Amino acid sequence: MNDWPYPRWIAHRGAGKLAPENTLAAFKRGASHGYRMFECDVKLSADGVPFLLHDSTLERTTNGRGTAGQQPWAELAALDAGSWHSRPFAGEGLPSLAQIAEACLAHSWLLNIEIKPTPGSETLTGTVVANTAAIFWAEAAVPPLLSSFQPLALQAAQAVQPHLPRGLLLDALPADWLQTAQHLGCSAVISQHKLWTPVTVARARSAGLKTLSYTVNDIASVQRLQALGTDGFITDRVGDFPPGG
């Protein structure tokens, strides 16, 4: 992408500490703090519906049990995904990607979709998520940024919707990290923030890649990354970091 249309500050999992992560309530809470771009995790139900959830299993953030990707959407949609966080959010549901897309388009919110496959479904998940995003954002001025730790998922997204921007997520720096990002036609590398150094930033920049960081939750890290000239911060602390800062 010649022009980078995304803001520097991105709310992690909506505003996933102030409200139940990966729910519409979290997006609304982030927006109330001035954020206009949100990161979320998307996987597939057993019947192929893309929906928001971070973990492979349901126990941590819902009243369900078992592997989420092995259950149909009708059952997942009926779960309580809010009570685990706090009483005011009791009954908050798991949103589908379609529901989040409609909210984003209605409010002019931007989105970073992390493709989060159930293990073994990387190609299918990348394909469905990319196709779904292409349908909902067909007329949008700014498409969602698709990202994943799974190269197979990004490769599948690239194959079916090559025009959608992609970002390679990294929690370590293998020797071929830059080549992988280039091979996948990525616009950005989204790295664990401590991995960015003058050398790694320069390498990414020389390849024309934007440099984003997760999860940036303290002022010292923000200042270090700003000094390095990185391009974006994904944060949990939406109440502490004004998105215009």
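The exercises below concern strands, helices and cores in a predicted model.

**Exercise 1.** Determine how β2 (residues 37–44) is placed and paired.

Solution. 
- Step 1. Take the accessible area of each residue, with under 20% relative accessible area as the limit for buried. Eight of the eight residues of β2 fall in the buried class, so the strand is largely enclosed by the rest of the structure.
- Step 2. Separate the side chains by direction. Met37, Glu39, Asp41 and Lys43 point one way, while Phe38, Cys40, Val42 and Leu44 point the other way. Both sets are buried, including the charged-residue positions Glu39, Asp41 and Lys43.
- Step 3. Look for the strand partners. With β4 (residues 110–115), β2 pairs in the parallel sense over six bridges; Leu110 is the bridge partner of Met37.
- Step 4. With β3 (residues 50–52), the pairing of β2 is antiparallel and has three bridges. Here Pro50 stands opposite Leu44.
- Step 5. Inspect the hairpin of β2 and β3. Five residues lie between the strands, and Gly48 has a positive phi near 85°.

**Exercise 2.** Find which residues of α1 (residues 24–32) are buried and which elements they pack against.

Solution. 
- Step 1. The buried residues of α1 are Ala25, Ala26, Phe27 and Gly30.
- Step 2. Their packing partners are β2, β3, α3 and β4.
- Step 3. Past the helix comes Gly34, with a positive phi near 95°.

**Exercise 3.** Describe the packing of α3 (residues 97–107) on α4 (residues 122–136).

Solution. 
- Step 1. The crossing is right-handed.
- Step 2. List the residues that meet. From α3 these are Leu97, Ala98, Ala101, Glu102 and Leu105; from α4, Val129, Thr132 and Phe136.
- Step 3. Sort them by class: six are nonpolar, one is polar and one is charged.

**Exercise 4.** Identify the nonpolar cores and the surroundings of Trp196.

Solution. 
- Step 1. The largest nonpolar core has 47 residues. Its members with the most contacts inside it are Phe27, Leu111, Ile113, Leu146 and Trp196.
- Step 2. Helix α3 gives this core its largest share, five residues.
- Step 3. Return to Trp196 and leave out residues up to four places away in sequence. Its contacts then include Trp177, Val189, Val201, Leu212, Arg224 and Leu228.

Key. Residues are numbered from 1 along each chain as its sequence is written. This is a predicted model: local features need pLDDT of at least 70, side-chain atom pairs count only at pLDDT 80 or more; totals for chains, interfaces and linings use all residues. Side-chain values use heavy atoms; hydrogens and water are left out. A nonpolar core is a set of buried Ala, Val, Leu, Ile, Met, Phe, Trp, Tyr and Cys residues joined through side-chain atoms within 4.5 Å. Buried means under 20% relative accessible area, exposed over 50%, partly exposed in between (1.4 Å probe, protein chains only). Helices (H or I, at least four residues) and strands (E, at least two) are DSSP runs, numbered from the N terminus. Contact means heavy atoms within 4.5 Å. Axes are lines fitted to C-alpha atoms, for helices over the stretch in contact, and angles run from 0 to 180 degrees between N-to-C directions. A crossing is left-handed if the near helix is turned anticlockwise from the far one by less than a right angle, and right-handed if clockwise. Two strands pair if DSSP finds at least two bridges between them.
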